[in-house]
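Visitor: I'd like to go through this one with you. Can you put it up?
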Amino acid sequence: MLSTMFALSDDQLTMVMIAAGSVPVEKRSVFLERVAAQLQLRGPRFTDLSAAIQVALTGLIQSAA
């Protein structure tokens with residue numbers, strides 16, 4: 001379990017929730033855990049939430065071909 005708490009603005013939380021909506025339901029908890037891990041790795045002064053989201057999405061969304 002992560003020991004670091006993060007404070008996201010309303011806009012940042014909206015970004016995470018929109019991205020989570022594109023992930024299959026059964027993989028959403030994995031996605032949120034990955035976002036939290038990315039933010040923890042980047043430290044308390046992270047500046048690019050979209051990059052953390054993109055890394056967290058890697059491999060979770062199947063592209064329609």
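Visitor: Which residues touch the most other members of the largest nonpolar core?
Guide: Val16, Phe31, Val35, Leu39, Leu49 and Ile53, out of 14 residues in that core. A nonpolar core here is a set of buried Ala, Val, Leu, Ile, Met, Phe, Trp, Tyr and Cys residues joined through side-chain atoms within 4.5 Å; buried means under 20% relative accessible area with a 1.4 Å probe, protein chains only. The model is predicted: local features need pLDDT of at least 70, side-chain atom pairs count only at pLDDT 80 or more, and totals for chains, interfaces and linings use all residues. Side-chain values use heavy atoms, without hydrogens or water, and residues are numbered from 1 along each chain as its sequence is written.

Visitor: Which element gives the largest share of this core?
Guide: α3, with five residues. Helices are DSSP runs of H or I, at least four residues, numbered from the N terminus.

Visitor: How do the axes of α2 and α3 cross?
Guide: The axes of α2 (residues 28-42) and α3 (residues 49-57) come within 8 Å and cross at roughly 135 degrees. Axes are lines fitted to C-alpha atoms over the stretch in contact, with angles from 0 to 180 degrees between N-to-C directions. That makes α2 oblique to α3, oblique being what is left after under 35 (roughly parallel), over 145 (roughly antiparallel) and 65 to 115 degrees (roughly perpendicular).

Visitor: And what does Leu39 touch?
Guide: Leaving out residues up to four places away in sequence, Leu39 touches Phe6, Leu8, Phe46, Leu49 and Ala52. Contact means heavy atoms within 4.5 Å.

Visitor: How much of the chain is buried?
Guide: Buried residues make up 26% of the 65 residues.

Methods:
Helices (H or I, at least four residues) and strands (E, at least two) are DSSP runs, numbered from the N terminus. Buried means under 20% relative accessible area, exposed over 50%, partly exposed in between (1.4 Å probe, protein chains only).
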